[in-house]
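Q: I have a model open and want to learn how to read it. Can we go through it feature by feature?

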Amino acid sequence: MSDPITPRLLRALTGETLERPPIWFMRQAGRSLPEYLELRAKAADFISFCMNPEMAAEATLQPVRRFPLDAAIVFADILLIPQALGQDVWFEAGEGPRLGALPDIAALADQVEASTGRLANIGETLSRVRAELEPERALIGFAGAPWTVATYMIEGRGSNREAARRFAYEQPEKLDALLEVLVDATARYLIMQAKSGAQALKLFESWAENLAEDVFERIVVKPHAAIVERVRAAGVTTPFIGFPRGAGALVENYAQGSPVECVALDTQASAAMGRRLQAQGKTIQGALDNLLLLAGGPALDARVEQLVEQWGGGPYIFNLGHGIMPATPIPHIARVVSQVTGKSVKAAA
Ligand code: CP3
């Protein structure tokens, strides 16, 4: 039997089927909470907010104070890695991320060793949160997966990623070299996060869609596998959640080729496919439509029940298929948390 204090999330990640699934939400911090907006207004810009352990720890804890969630995810961003490797990153208010010109790969490679130290404040945020968080709740660390981070580095902003996909065909060696740099920097960063208190590590591959099978293997599956292997080689056994969002039928290739403990599924994942992954020994996470959470009503209640029913017979973590939308009504979040946990949750806005 598990120690009663082992967080429910970690029990699910080690393959246990629980009487009710653990629950947390992608992008639970910072999107819709008024207390976040108040805190955010005190920081000069988003990157300084992420790099301020006191403020970032507070933002990490806000959603778990409000709701009885089973995990907190460290408040940071996937674009801190390119910044730490020497590419300029900033956020245009109301628009999203912007990056300066892509440096030479050799120049980026030169910065890998120093990059982890430049991200030491994220480790400090993790230690602060772990010290405050109740023992039954897990703390999740994360990084962007190499291909997703590379799309921003190549295109300089969020986009339809056509230029990055073209780059994968036109300059395959350069892309592979960039991914290798990112594997190295990301593995070091995640090892640091685990040593600072992260109990699970998530790789956000937010843009895994529209890739041909062989390209998917080369730029998604292999780099994920390399990161997990690097982290394990350092003696870190912290479980991984891999999230190949948009991969469609290739999710099964991902599950075969990537040694993550848990595969996070997006909104389109079928019940049968999720069960096949569970039968192959993977924990699964997902996959409530973030727009249904925003919309609410009887369709939301019914889908939550259906997800728990279809996947709760195996190792399963309840979550969304993509991050919370900023306009999501707080009572809808409260209702889902209450439905999944059986706990009463105040719905105050
Ligand atoms: O709550 C959490 O999940 C923890 C923190 C977190 C943020 N970003 C904070 C953030 C996490 C896990 C991320 C991951 C992230 N960042 C992803 C992968 C997940 C996904 O949604 O696909 C991506 C693609 C990014 C890059 C990024 N950061 C974009 C495109 C934007 C702008 C638009 C947006 O999503 O809000 C950001 C900014 C960002 N990251 C904000 C927050 C709270 C908003 C900035 C602000 O408050 O000023």
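Q: Which residues does the UniProt annotation "binding site" cover?
A: Keep in mind that this is a predicted model. An annotation comes from a record, and the entry here is unreviewed. That record lists R27, Q28, A29, G30, R31, D77, Y152, S206 and H322 as "binding site".

Q: How many residues surround the ligand, and which are the closest?
A: Here we turn to the coordinates. The ligand is surrounded by 21 residues. A29, G30, G96, S206 and G323 are the closest.

Q: What is the make-up of that shell by class?
A: Sort the residues into nonpolar, polar and charged. The shell around the ligand has 12 nonpolar residues, six polar ones and three charged ones.

Q: Is R27 buried, exposed or partly exposed, and why?
A: Count the C-beta atoms around its own. Buried takes 20 or more within 10 Å, and exposed means 12 or fewer. R27 has 18 others within 10 Å, so R27 is partly exposed.

Q: What does R27 touch beyond its sequence neighbours?
A: Set aside residues up to four places away in sequence. R27 then touches G323 and I324. Check the backbone too: R27 is not a glycine, yet its phi is positive, at about 60°.

Q: Where is R31, and what is R31 in contact with?
A: R31 also belongs to the loop between α1 and α2. Leaving aside neighbours within four places in sequence, its contacts are G323, I324 and P326. R31 is partly exposed because 18 other C-beta atoms lie within 10 Å.

Q: Which residues does the domain annotation cover?
A: Again, this is a record. The unreviewed UniProt entry gives "domain: Uroporphyrinogen decarboxylase (URO-D)" for residues 22-31 and 140-156.

Q: What is the helix and strand content of residues 22-31 and of residues 140-156?
A: Take the stretches one by one. Residues 22-31 have 0% helix and 0% strand, with end C-alpha atoms 21 Å apart. Residues 140-156 are 59% helix and 29% strand, and their end C-alpha atoms are 28 Å apart.

Q: What describes two packed helices?
A: Take helix α16 (residues 298-311) and helix α17 (residues 330-341). Their axes come within 11 Å and cross at roughly 35°. The crossing is right-handed.

Q: Which residues make the contact between α16 and α17?
A: From α16 come L300, D301, V304 and V308. From α17 come H332, V336, Q339 and V340. By class, this contact has five nonpolar, two polar and one charged residues.

Q: Where does P7 lie, and is P7 buried or exposed?
A: P7 is in the segment before α1. P7 counts as buried because there are 21 C-beta neighbours inside 10 Å.

Q: How far apart are P7 and D70 in sequence and in space?
A: Compare the two separations. P7 and D70 are 63 residues apart in sequence, and their C-alpha atoms are 7.3 Å apart. D70 is one of the contacts of P7, along with E136, R137, A138 and Q199, once neighbours within four places are left aside.

Q: Which residues does a cis peptide bond join?
A: Look at omega. The bond between G286 and A287 is cis, with omega about -10°. A287 is in strand β8 (residues 283-288).

Q: What about the phi of R161?
A: R161 is not a glycine, but its phi is positive, about 65°. R161 lies in the loop between α9 (146-155) and α10 (162-170). It counts as buried, because 21 C-beta neighbours fall inside 10 Å.

Q: Last one. Where is F240, and what does F240 touch?
A: F240 is in strand β6 (residues 240-244). With 21 other C-beta atoms within 10 Å, F240 is buried. Not counting residues up to four places away in sequence, F240 touches L201, L203, V228, V260, E261 and C262. Now try E95: F240 and E95 are 145 residues apart in sequence and 31 Å apart in space, C-alpha to C-alpha.

Technical notes
Residues numbered from 1 in each chain as written. Predicted model: local features only at pLDDT ≥ 70, side-chain atom pairs only at ≥ 80, totals over all residues. Near = placed C-beta within 6 Å. Nonpolar A, V, L, I, M, F, W, Y, C, P; charged D, E, K, R; others polar. UniProt positions renumbered as here; feature names shortened; annotations may be inferred. Contact = placed C-beta atoms within 7 Å. Helix = DSSP H or I, 4+ residues; strand = E, 2+ residues; numbered from the N terminus. Axes fitted to C-alpha atoms, helices over the stretch in contact; angles between N-to-C directions. Left-handed = near helix turned anticlockwise from the far one by under 90°.
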